[in-house]
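Reader: I would like to go through this structure with you and ask, for each label you attach to it, what the label rests on. Could you set each value beside its criterion before you conclude?

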Amino acid sequence: MAGLIKIATFPILLLWSVAYGVPGGIFFKSWAVYERWLGQNRRQIIQWKRYPLRSYRKFTSAVLTHRMRSRPVELAGFTDSQVQAEFKREPFPFLILFSNTLVALVILPFAALSGIVLGPVHVFRNGWENWHRNPPLRAGRLTVKR
Amino acid sequence: MAAKPVVLVVEDDRVQSDLVMEIIHETGLYEAVAAYDGEHAFEVLKSYQRGFNFLSNGVSCILLDWQMPKMNGQAFIKKLRTEEGRNPFKRHIPVVIFSAYSDRERIQLAQDPTLGLASGYIVKPFEEEELLTLLKRIVIHKEGEILREILIERESRWMRELRK
């Protein structure tokens, strides 16, 4: 009897996985991209605001690396102190926030696509595991009701 | 009313676990949940999964004892980061290590690459204020990732000075 119930519920679970898993997968994957974008931007702002010295050092070192790229060290003519003299303060990291936003917009459709596949898989796997984990309990409940 | 951020205390010693839980509860800012070893902690984390497990876990911070039976702190943090790494969009849960180590143990810990996966460590016995300040920075101000970078830099500097 239990086997028959399992066979009967299999297509229902499959339908449920698609009906709930596809929109859920798209929504949650897109939300995950938003959370990632929010977290990265928040981190940049916190670092700029609360750890200004550390953030400034990172900024000047990034500027130096950018200027020295593809030039021999002897010919580059840039030093850390020169960059620090040029930039007394680190500007608000608008550029980083903007590039984070661009990256998020680019990966959003791919994330949504992966949600279409992974959402139903997650719902089906969870439903199947729950079904197999509690068969005695379900049977027991049925017996009590009767 | 918004739900309080959840702090998971992974500690095998029940007395210490209860003490830490009490300290956290008393602030009224966080909800503390206990786990008594690494495996138990993973079960607790599973119950706080959000959005098909595509979204970041509902646990805001993990306070992790380093010496534990079954699955110790090192094995736990490695497994946790491996699982988190499978989903690139997920935020990593900040981990604070509890350890009662001496200088020799600190050297071993500093050389251990898994330390770089944590946001901070607290030496037992610790001051209540120290724990709450660290929790506030990680959970309320969301500085876990920055603190993790600072921890790596500090430990490598400490190791360089020690070698001199």
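Reader: How many residues of chain A and of chain B are in contact, and what makes a pair count as a contact?

Author: In this predicted model, 18 residues of chain A are in contact with 14 residues of chain B, where a pair counts if the C-beta atoms, placed from the backbone, lie within 7 Å. Helix α1 (2-50) and helix α5 (94-133) of chain A each supply at least two residues of the side that touches chain B, and the largest share, 14 residues, comes from α1(A).

Reader: What is the make-up by class of the side of chain A that touches chain B?

Author: That side has seven nonpolar, six polar and five charged residues.

Reader: What makes the strands of chain B an open sheet, and which strands are its edges?

Author: Five strands of chain B form the sheet in the order β2-β1-β3-β4-β5, with parallel pairing, and the edge strands are β2 (31-35) and β5 (120-123), each of which pairs on one side only. The sheet is called open because two of its strands, β2 and β5 of chain B, each pair on one side only. Neighbouring strands of this sheet are turned by 20° against each other on average, direction ignored.

Reader: Which strands of chain B does helix α1 lie across?

Author: Helix α1 (residues 14-27) of chain B lies across β1 (6-10), β2 and β3 of that chain, and runs at about 165° to β2(B).

Reader: Which residues touch the most other members of the largest nonpolar core?

Author: Of the 36 residues in that core, V7(B), L63(B) and L64(B) touch the most other members, and the largest share of the core, five residues, comes from β3(B). Leaving aside neighbours within four places in sequence, L63(B) is in contact with V7(B), V9(B), V10(B), V20(B), V96(B) and F98(B). A second, separate core of eight residues includes F28(A), V33(A), A111(A) and L55(B).

Reader: Why is F52(B) called buried, and what is the state of N53(B)?

Author: A residue is buried if 20 or more other C-beta atoms lie within 10 Å of its own, and exposed if 12 or fewer do. F52(B) has 22 such neighbours, so it counts as buried, whereas N53(B) has 18, a value in between, and is therefore partly exposed. F52(B) is placed in the loop between α2 (38-47) and β3 of chain B, and N53(B) is found in the loop between α2 and β3 of chain B. Phi is near 60° for F52(B) and near 65° for N53(B), in each case a positive value in a residue other than glycine.

Reader: How do you know that the radius of gyration of chain B agrees with a compact globule?

Author: With 164 residues, a compact globule would have a radius of gyration near 15 Å, and chain B has 15 Å, so the two agree. The C-alpha trace of chain B spans about 55 × 35 × 35 Å along its principal axes, and 35% of the 164 residues count as buried.

Technical notes: Residues numbered from 1 in each chain as written. Chains lettered and ligands numbered in written order. Predicted model: local features only at pLDDT ≥ 70, side-chain atom pairs only at ≥ 80, totals over all residues. Helix = DSSP H or I, 4+ residues; strand = E, 2+ residues; numbered from the N terminus. Axes fitted to C-alpha atoms, helices over the stretch in contact; angles between N-to-C directions. Contact = placed C-beta atoms within 7 Å. Core = buried A, V, L, I, M, F, W, Y, C linked by C-beta atoms within 7 Å. Nonpolar A, V, L, I, M, F, W, Y, C, P; charged D, E, K, R; others polar. Rg over C-alpha atoms; globule rule 2.2 N^0.38 Å.
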